[in-house]
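This report covers selected side-chain features of one protein model. The sequence and structure come first.

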Amino acid sequence: NSYAKQTIAHNNITIDQYSQSHAHFKQADQNYGLKHFFVGNDLKTDVDYQIQAMSAFSYDHYPDSKMQRSVFLFKNKMLNFPLMIDVFRIVSDCSHQYDYSHHYNGQIIRTNFAYNYNNKLYPLGNQSGYQHLWSLAQAKIKHDAMISWLQGSRFYSWIGDCDIEDHEIIFTHLGANDPSFN
């Protein structure tokens, strides 16, 4: 009830450590994304490449912030697996903290940055789902970031391109403040 309903739980942007619509679910049900474009086709096996893409705007989930998310899925015969590109654009006249959560399951293999591991576990925050994230390690980044991990028998990579000069990557683990250790 307290984690899965929060924005931080959904591979999305959380602004100022508050869930969209400040977790007022009736208000959130009134706000929805506005379709910008959708390109889709049946996944056919007889073509060299395929593209599926969608883009939507969100104007009402956070006060004084306008968001756009575009997701592209490329399938090419030269690639063993599809390539996904996920792009956020956020515009605001105010200064904010933007947190992009990406949940992965596997073993970190490589990063292009050094990170500091915490010797003690502590929750990342005290509300909006952050109270359920153990802060494990962090890194101050002054460039683009890359993380690769092994999940099952496949390798995955996340590459972050950020226009902000100084940003931080925080590795977390789910389960803080949960008596059931979920």
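Is aspartate 86 buried, partly exposed or exposed? Its relative accessibility is 23%, so aspartate 86 counts as partly exposed. The model is predicted.

## Salt bridge

The salt-bridge count is 1. The pair consists of arginine 69 and aspartate 86, whose side chains meet at 2.5 Å, N to O. Arginine 69 belongs to strand S4 (residues 66-76) and aspartate 86 to strand S5 (residues 83-91), so the bridge ties together parts 17 residues apart in sequence.

Arginine 69 has 24% relative accessibility and therefore also counts as partly exposed. Side chains of opposite charge can pair when their charged atoms come close.

## Nonpolar cores

The largest nonpolar core has 9 residues: Phe113, Ala137, Ala139, Ile141, Ala145, Ile147, Trp149, Ile169 and Phe171. At least two residues of this core come from each of strand S9 (133-141), strand S10 (145-151) and S12. In soluble globular proteins, nonpolar side chains tend to be buried together.

Which residues does isoleucine 147 touch, leaving aside neighbours within four places in sequence? The contacts of isoleucine 147 are Ile108, Arg110, Thr111, Phe113, Tyr156, Ser157, Trp158, Ile169 and Phe171.

## Histidine 167

Histidine 167 is in strand S12, which covers residues 167-174. Relative accessibility there is 16%; the cut-off for buried is under 20%, so histidine 167 counts as buried. The side chain of histidine 167 comes to 3.4 Å from the backbone oxygen of histidine 143.

Definitions and conventions
Residues are numbered from 1 along each chain as its sequence is written. This is a predicted model: local features need pLDDT of at least 70, side-chain atom pairs count only at pLDDT 80 or more; totals for chains, interfaces and linings use all residues. Side-chain values use heavy atoms; hydrogens and water are left out. Helices (H or I, at least four residues) and strands (E, at least two) are DSSP runs, numbered from the N terminus. Buried means under 20% relative accessible area, exposed over 50%, partly exposed in between (1.4 Å probe, protein chains only). A polar contact is a pair of N or O atoms within 3.5 Å; within protein, one must be able to donate a hydrogen and the other to accept it, and residues adjacent in sequence count only if both atoms are side-chain atoms. A nonpolar core is a set of buried Ala, Val, Leu, Ile, Met, Phe, Trp, Tyr and Cys residues joined through side-chain atoms within 4.5 Å. Contact means heavy atoms within 4.5 Å. A salt bridge is a side-chain nitrogen of Lys or Arg within 4 Å of a carboxyl oxygen of Asp or Glu.
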